[in-house]
Amino acid sequence: MARSRSGTRGRRGPRKPPRRAGFAPGAVQVVDPSERGAIELPGTITVKELAELLTVSPADIIRELIKSGIFATINQLIDRDTASLVAEELGYEVAEVTATAGDEDEDGEGGVPAEATKEVLFEEDDEADLVPRAPIVTVMGHVDHGKTSLLDAIRTTQVAAGERGGITQHIGASEVTTKDGKRLVFLDTPGHEAFTSMRARGARVTDIAVVVVAADDGVMPQTLEAISHAKAAKVPIVIAMNKIDRPEANPDRVRTELAEAGVVVEDYGGDVPMVPVSAKTRVGIDELLEIILLVADLQELKANPKRAAVGTIIEAQLDKGRGPVATTIVQTGTLKVGDVVVVGNTFGKVKALESAVGKRIKEAGPASAVVVLGLSDVPEAGDVLRVVSDEKIARAQVEARKNEQAAREGAGAGRATLEDLYSQMQAGQAKELRIILKTDVSGSLGAITRALGQLSSDETKINVLLEAAGDITDNDIMLATASNAIVIGFNTGITDTARRGAEAEGVDVRLYDIIYKLTDDIDAALKGMLEPEMVEVIEGRAEVRQIFKVGKTTVIAGCYVTDGRIVRTGSARVWRGGKVVATDKIDSLRRFRDDVREVAANFECGIGLSGYNDLEEGDIIECYTQQARSRIAG
């Protein structure tokens with residue numbers, strides 16, 4: 001129901017109708033608000049649409065919003081209450097809301113049927129309408145193994161004298177046409193991070209993953225991550241062994257290290273193709289494209305160009321001159337200028353499409369990379385774009401999605417946790433426990449993986465998606481988010497960004513320093529006997545700035561809390577040079593002369609440990625507690 005502002009209007013009377021900016025008097029018909037009658041407003045409306053409805057300038061709307069502390073752009077959505085206040089400030093009367101979704105309006109057009117808010121990503125297509133489409137390929141690999149150089153080589157190799165074709169890097173994706181006329185689409189993403197973040201949002205956009213491995217460097221940590229992410233997505237892998245022209249290239253070493261990582265190439269009797277290439281000399285580029293097309297043929301990739309389009313946002317930004325601009329891969333259907341689309345939590349009408357070579361086009365078919373203009377707001381990478389019949393349905397779907405998201409956030413993310421594992425098994429929902437394993441040294445990986453493998457049963461299989469040495473990073477959290485996995489750290493730490501990401505995404509992160517405790521927890525979870533009350537929660541960290549000696553043996557560390565909080569009842573790990581040098585209990589916690597229970601971030605304090613007195617300036621004191629929680633705290 002709209003809020004009444006009749007008292008305000010009664011004191012000063014209705015305002016004169018403002019002129020529309022940029023028009024001479026008489027250029028438009030100005031309607032006196034008092035003669036207009038009650039204005040009907042939808043649940044949400046853009047600033048521009050409200051200005052057109054009231055026959056005023058968008059600047060007048062924006063000016064009234066600023067008075068209320070709302071700084072909106074011309075294409076920004078505002079809710080009905082806000083729009084009502086603006087309309088009433090400009091002297092208009094707003095009609096009360098009486099109809100609900102599914103009720104018919106007086107003119108017979110009706111509201112939005114409830115079923116219109118239901119979203120169907122890929123409805124069943126008639127087999128006769130399906131036609132072959134180009135494969136969509138993501139190139140991943142270690143940071144300096146030549147991913148960008150390989151993409152450049154693929155583009156330039158295909159541009160031969162006299163040939164026609166569109167190969168570009170302008171919009172975050174490259175379309176390559178081979179000599180025999182076959183098309184491939186390469187995503188110019190930053191690698192497995194963007195690849196996985198899109199998957200975490202429910203988008204399956206990649207058909208084939210090309211993992212680049214340098215022949216002179218072998219398999220590196222990021223190579224393992226790329227392989228793990230591709231496997232988790234169940235995407236076919238093609239290995240591009242780059243830098244084969246270098247004298248120190250060692251293909252046998254690469255094959256062996258890949259086999260150790262669980263990727264057995266065809267040369268070793270496996271099913272993963274490996275192509276020796278050189279981005280520098282362009283050797284093997286044609287062979288690589290042939291293999292990619294062969295793998296694509298085995299998948300029999302098809303799409304229906306006759307249906308309403310569905311695609312995925314690859315990247316998006318706000319352009320000062322053009323508004324929200326979204327690079328999109330059309331996966332099925334044909335996207336046309338004038339289509340109404342829903343994208344994530346926004347919608348709009350397609351005003352223009354730009355092809356991979358930057359030309360304006362009227363439509364884009366399956367497996368096409370296009371820039372979409374006309375959205376009301378900037379979507380996020382990984383958001384799914386789908387065409388709907390009209391703007392009423394688009395608004396209803398966006399509202400329903402926002403309500404659903406709010407309810408889901410209120411109820412929790414619903415990620416996999418060890419506590420919930422047994423109940424999920426009993427309900428038939430859990431057939432596989434996915435684990436990301438990080439340890440302090442690589443020597444621990446084999447022992448822990450073997451111990452976990454022995455816990456697998458007919459009911460539930462333990463699948464270690466990634467095993468690597470080092471701290472738990474935000475890449476690990478992204479993979480866990482996309483794969484619904486838990487993260488286990490053994491004698492290792494977790495970065496601040498990873499901790500915040502785990503908290504935000506609801507990822508179950510567990511830290512252990514004893515192998516049998518780790519395996520006991522997994523075994524107990526599988527049997528439904530896990531006791532969740534003793535779970536370690538990282539409370540915060542403090543940096544030692546100064547050392548104070550009290551008496552002959554007692555040492556007090558003058559600290560600055562850098563993250564989270566320090567609690568007097570907690571335990572402490574002392575980190576020095578990236579390693580844990582001591583584990584102890586916090587004996588005293590003071591602020592100036594006062595004993596306190598806790599000290600929050602950005603405050604100074606004095607910390608005394610019960611037994612460890614060899615603290616040094618620069619040490620990090622990590623405070624942790626045992627709580628009945630499975631998710632780590634920030």
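Which exposed residues sit on the face of α10 turned away from its buried side? They're Glu290 and Leu298, with exposed meaning over 50% relative accessible area, buried under 20%, and partly exposed in between, using a 1.4 Å probe and protein chains only.

Quick caveats before I go on. This is a predicted model, where local features need pLDDT of at least 70 and side-chain atom pairs count only at pLDDT 80 or more, while totals for chains, interfaces and linings use all residues. Residues are numbered from 1 along each chain as its sequence is written, and side-chain values use heavy atoms, with hydrogens and water left out.

Okay, the helix. Helices here are DSSP runs of H or I with at least four residues, strands are runs of E with at least two, and both are numbered from the N terminus. α10 covers 285–299, so to speak its 15 residues, and spans 22 Å from first C-alpha to last, close to the expected 21 Å; that expectation is 1.5 Å times one less than the number of residues. Its buried residues are Ile285, Leu288, Leu289, Ile292, Leu293, Val295 and Ala296. Looking down the axis of α10, they fall within an arc of 160°, so they line one face; the arc is taken over directions from the helix axis to the C-beta atoms.

Now, what does α10 lie across? That would be β4 (136–141), β6 (183–187), β7 (208–214), β8 and β9, with contact meaning heavy atoms within 4.5 Å. α10 runs at about 100° to β6; axes are lines fitted to C-alpha atoms, for helices over the stretch in contact, and angles go from 0 to 180 degrees between N-to-C directions.

On to the open sheet: six strands, ordered β5-β6-β4-β7-β8-β9, mixed pairing. Two strands pair if DSSP finds at least two bridges between them. β5 (173–177) and β9 (274–276) are at the edges with a single partner strand each, so one side of each has no neighbour in the sheet. On average, neighbouring strands are turned by 25° against each other, direction ignored. β8 (237–242) pairs with β9 in the parallel sense over three bridges, and Met241 has Pro276 in β9 as its bridge partner.

Last item, cysteines. Searching the whole structure gives zero disulfides, a disulfide being a pair of cysteine sulfur atoms within 2.5 Å. Cys559 has its closest cysteine sulfur 5.2 Å away, in Cys605, too far for a bond, and Cys559 is buried at 2% relative accessibility.
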